[in-house]
Amino acid sequence: MKKLISIFAVAIALFTVTFSSPAFAAEVANGAKIFSANCAACHAGGNNVIMANKNLKKEALAEYGMNSVAAITTQVTKGKNAMPAFGGRLSAAQIEDVATYVLAQSEKGW
């Protein structure tokens with residue numbers, strides 16, 4: 001029974017990686033373009049020129065509860081404090097792509 005469960009878990013993992021990686025790669029690539037055009041002026045290299053401690057590094061994202069695509073998407077859409085809202089300038093898909101990119105880059109250490 002344990003062997004069957006292990007095989008099933010491996011099959012699910014392989015299926016997930018096989019069929020979700022190209023979409024994820026496309027989202028990250030598109031997100032990189034959007035980030036470069038809309039976010040890099042303040043957040044180049046994952047930094048923050050306005051509020052240095054609220055950068056896009058993994059530790060800061062975790063500290064401020066911004067370590068998920070959903071949280072980043074909300075922040076980018078609605079803005080907060082010194083950050084403007086991009087909900088009127090970017091589509092929901094573009095915002096999700098840039099959020100995916102930011103999270104991926106934070107995992108890599110920018």
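Thr100 counts as buried because its relative accessibility is 6%, under the 20% cut-off. The model is predicted, so every value here is computed from it. Thr100 sits in helix α5. What does Thr100 touch, once its neighbours within four places in sequence are set aside? The partners are Phe24, Glu27, Val28 and Val69. Two helices of the chain supply these positions: α1 spans 2-38 and α4 spans 69-78.

Now take the core. The largest nonpolar core holds 19 residues. Phe35, Ile72, Val76, Val98 and Val102 have the most contacts inside it. Which elements give two or more residues to this core? They are α1 (2-38), α4 (69-78) and α5 (92-108). Helix α5 gives the most, with 7 residues.

Ile72 then contacts Met66, Ala99, Val102 and Leu103. Of these partners, Val102 is also among the core residues with the most contacts.

Step back to the whole chain. The protein chain has 5 helices and 0 strands. Read from the N terminus, the order is α-α-α-α-α. How much of the chain is buried? Of its 110 residues, 27% count as buried. Sequence separation can be read from the contacts. Take the contacts between residues at least 6 apart in sequence. Of these, 52% join residues at least 24 apart.

Finally, the surface. The chain exposes about 7,000 Å². Carbon and sulfur atoms supply 64% of that area. Where does a nonpolar patch of about 280 Å² come from? Val49, Ile50 and Met51 make it. Val49 lies in the loop between α2 (40-43) and α3 (58-63). Is Val49 buried or exposed? Val49 counts as exposed, because its relative accessibility is 58% and the cut-off for exposed is over 50%.

Methods:
Residues numbered from 1 in each chain as written. Predicted model: local features only at pLDDT ≥ 70, side-chain atom pairs only at ≥ 80, totals over all residues. Heavy atoms only, no water. Helix = DSSP H or I, 4+ residues; strand = E, 2+ residues; numbered from the N terminus. Buried < 20%, exposed > 50% of the residue type's maximum accessible area, 1.4 Å probe, protein only. Contact = heavy atoms within 4.5 Å. Areas by Shrake-Rupley, 256 points an atom, 1.4 Å probe, with all protein chains shown as cover. Patch = residues over 30% accessible without salt bridge, like charges linked within 9 Å, V, L, I, M, F, W, Y side chains within 5 Å. Salt bridge = Lys/Arg side-chain N within 4 Å of Asp/Glu carboxyl O. Core = buried A, V, L, I, M, F, W, Y, C linked by side-chain atoms within 4.5 Å.
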